[in-house]
Amino acid sequence: VGGGTSDIDPFKLLDLSDLTDNIKRLLGSGHPSLDNVSNYYFLSEGKRIRPLIVLLMSQATSIAPKQHNPAPIDHSPIINEPLSPLISSFEAQNYNDTTSSSSSSKHSPTGKILPTQRRLAEITEIIHTASLLHDDVIDESETRRNKPSVNINFGNKMSILAGDFLLARASVALARLRNPEVIELIATVIANLVEGEFMQLKNIQTSKKTTSDTTMTPFEYYMEKTYMKTASLIAKSCCGASVLGGSTREISEIAYTYGKNIGLAFQLIDDMLDFVVSAKELGKPVGADLKLGLATAPVLYAWEKYSELGPLIKRKFSQQGDVEKARELVYQSNGIEQTKLLAVSHCQKAIDAILKLPESDARDALIQLSDKENESLS
Ligand code: FPP
Ligand code: MG
Ligand code: MG
């Protein structure tokens, strides 16, 4: 699909080895037990797909049209008393490093990544991890990445506080980018994560009104929730990377559209995998969504064929046998295939958007990421 060059491996195009070290420095607190909890999910490195996308988008947009008069960015610190000495020395070293960017221009040279864009990639991963620390408490998870989840190892109180701490440190680093538009974008993401989680708690029982004051269908509600809990972070981080590079609004919107659609596809696939793969492959329990009372895309599609699913969905599969019955009806319907098709269509939208950028290895790697999703789905 899409015309990407198939010999590019997106995971090999960029060196992510500094990422975890930089994140650890951003999170250093001087409290060993807080450090232990905060660093827990960074020890078992995940796929780091979000920072990879942010860095590739930084490269891909660096050769795209720029704003003629980008707002000047003030890199000087506002406060002289930083929270952590580790951060302050690191910031100074990082932002004064002109080897990877042009010091006289706000624009990144061809294919290069600005230090601010690298920092945004780190911030994105920290916010994502903060949401996992909170999510595992809410979901009462037992494992993540084939290890006991944070709540099991450290308890709910420490998990929540560590999540808050990660958000706070991400916010400090974000403020230090000294770019109000990017601060606003990423601050909105944090609100979106909470909104998405609230929509999920309420499921479809309290139907939300659309702007035209019509009631959303359950599927529209599910897709908006999916945008809020997953796609918003990727979309707005991609947009932020483009803004930091001084791109035109049109280019930043392309970056946003790519991130939004690949984010929606990721979550659709995640929701589908909950029905089809083993716990070992996934690194976390399977079949978790139904047990949590959640009706995701495969169930909502199955409901179109089997209306008897309606009452089960409304009571959040709370009666004995509900989970098993719902699962069975999903397998009997073509809900899993329809979910795949919807994910593929969002991958295609992501590809259509990114093809509007000038050709580059980074652009092709972003296409590859969508194509890989397509392939694994077909
Ligand atoms: C994983 O989903 C969780 C999310 C994508 C977002 C969770 C957001 C919150 C808990 C809101 C609070 C967050 C912040 C940053 C204030 P999942 O449970 O479907 O996936 P999983 O199977 O990986 O657990
Ligand atoms: Mg969860
Ligand atoms: Mg959850």
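Is Phe 317 buried or exposed, and how many other C-beta atoms lie within 10 Å? In this predicted model, for which local features need a pLDDT of at least 70, side-chain atom pairs count only at pLDDT 80 or more, and totals for chains, interfaces and linings use all residues, Phe 317 is buried, with 23 other C-beta atoms within 10 Å. A residue is termed buried if 20 or more other C-beta atoms, placed from the backbone, lie within 10 Å of its own, exposed if 12 or fewer do, and partly exposed in between. Residues are numbered from 1 along each chain as its sequence is written, while chains are lettered from A and ligands numbered from 1 in the order in which they are written.

The chain has 18 helices and two strands, helices (H or I, at least four residues) and strands (E, at least two) being DSSP runs numbered from the N terminus. Of its 378 residues, 44% count as buried. Where contacts in the chain join residues at least 6 apart in sequence, 76% of them link residues at least 24 apart, a contact being a pair of residues whose C-beta atoms, placed from the backbone, lie within 7 Å.

Most residues other than glycine have a negative phi. Phe 317, in the loop between helix H15 (309-314) and helix H16 (322-332), has a positive phi near 50°. Glu 140, which is not a glycine either, has a positive phi of about 50° and is placed in the loop between H6 and strand E1 (143-144); Glu 140 is partly exposed, with 13 other C-beta atoms within 10 Å.

Helix H4 (residues 49-62) and helix H6 (residues 115-138) pack at an angle of about 155°, with their axes 8 Å apart, and H4 is therefore roughly antiparallel to H6. Axes are lines fitted to C-alpha atoms, for helices over the stretch in contact, and angles run from 0 to 180 degrees between N-to-C directions; those under 35 degrees count as roughly parallel, over 145 as roughly antiparallel, 65 to 115 as roughly perpendicular and the rest as oblique. Residues making this contact include Val 54 and Leu 55 of H4 and Leu 120 and Ala 121 of H6. By class, the contact has five nonpolar, four polar and four charged residues, where Ala, Val, Leu, Ile, Met, Phe, Trp, Tyr, Cys and Pro count as nonpolar, Asp, Glu, Lys and Arg as charged, and the others, Gly among them, as polar.

Helix H14 (residues 297-305) and helix H17 (residues 335-354) have axes that come within 8 Å and cross at roughly 120°, and are therefore oblique to each other. In this pairing, Ala 297, Pro 298, Val 299, Tyr 301 and Ala 302 of H14 meet Gly 335, Ile 336, Gln 338, Thr 339 and Leu 342 of H17, a set that divides into seven nonpolar, three polar and no charged residues.

Around ligand 1 there are 16 residues, of which Ser 131, His 134, Asp 135, Leu 193 and Glu 197 come nearest, a residue being near a molecule or strand if its C-beta atom, placed from the backbone, lies within 6 Å of it. Two or more residues of this shell come from each of H6, helix H9 (180-202) and helix H10 (218-244), and H6 gives the most, with six residues. The shell has seven nonpolar, four polar and five charged residues.

Methods
Contact = placed C-beta atoms within 7 Å.
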